[in-house]
Amino acid sequence: MGLKKTTVMVDERDLELIKQAAAREGRPESEFFREAFHLAAIRSRRWRNDWDIPVVDLGRSLTAEEIDRDVQDAITDAKNR
């Protein structure tokens, strides 16, 4: 992945926090900025299509206790294999 240089105007207080964090962690400020850009890029992604999430209908509502018990049973079964 290639890197590209850009200029961004930021709030002075935010910049000071980045400088403090970089000094505290011994990392360059640029790493924090790249990470922030990456997070912003990820948040900007949009899915092109609606997700086709199947709905499971068991004919009745399940209680939290039933779900917890079934999950624990599945974990125990998986460990015993």
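**Entry 1: S30.** I started with S30, which counts as partly exposed because its relative accessibility is 33%. (Under 20% relative accessible area is buried, over 50% is exposed, and partly exposed is in between, with a 1.4 Å probe and protein chains only.) S30 has its place in helix α2. I also checked S30 against D57: they sit 27 residues apart in sequence, and their C-alpha atoms are 50 Å apart in space.

**Entry 2: ground rules.** I noted that this is a predicted model, where local features need pLDDT of at least 70, side-chain atom pairs count only at pLDDT 80 or more, and totals for chains, interfaces and linings use all residues. Residues are numbered from 1 along each chain as its sequence is written, and side-chain values use heavy atoms, with hydrogens and water left out.

Entry 3: Which residues are closest to the centre of the largest pocket? First I wrote down its volume, about 610 Å³. Then I found T6, S30, F33, R34 and F37 closest to the centre, out of 18 lining residues. Helices α1 (12–25) and α2 (29–44) each supply at least two residues of that lining, and α2 gives the most, with 6 residues. (A pocket is an open set of points on a 1 Å grid with protein on both sides within 12 Å along at least five of seven lines, and lining residues have an atom within 4 Å of a point.)

**Entry 4: A21.** Buried or exposed, I wondered about A21? A21 counts as buried, because its relative accessibility is 10%. Its place is in helix α1.

**Entry 5: the whole chain.** I counted 3 helices and 0 strands. (Both are DSSP runs: helices are H or I with at least four residues, strands are E with at least two.) The pattern along the sequence is α-α-α. The chain is more spread out than a compact globule, because its radius of gyration is 23 Å, well over the 12 Å that the globule rule gives for 81 residues. (That radius is taken over C-alpha atoms, and the rule is 2.2 Å times the number of residues to the power 0.38.) The C-alpha atoms fill a box of roughly 55 × 35 × 30 Å along the principal axes. Of the 81 residues, 5% count as buried.

Key:
On a 1 Å grid over the protein atoms alone, a cavity is a set of points where a 1.4 Å probe fits but cannot get out, and a pocket is an open set with protein on both sides within 12 Å along at least five of seven lines; lining residues have an atom within 4 Å of a point. Grid points are joined across faces, edges and corners, and a volume is the space filled by probe spheres set on the points.
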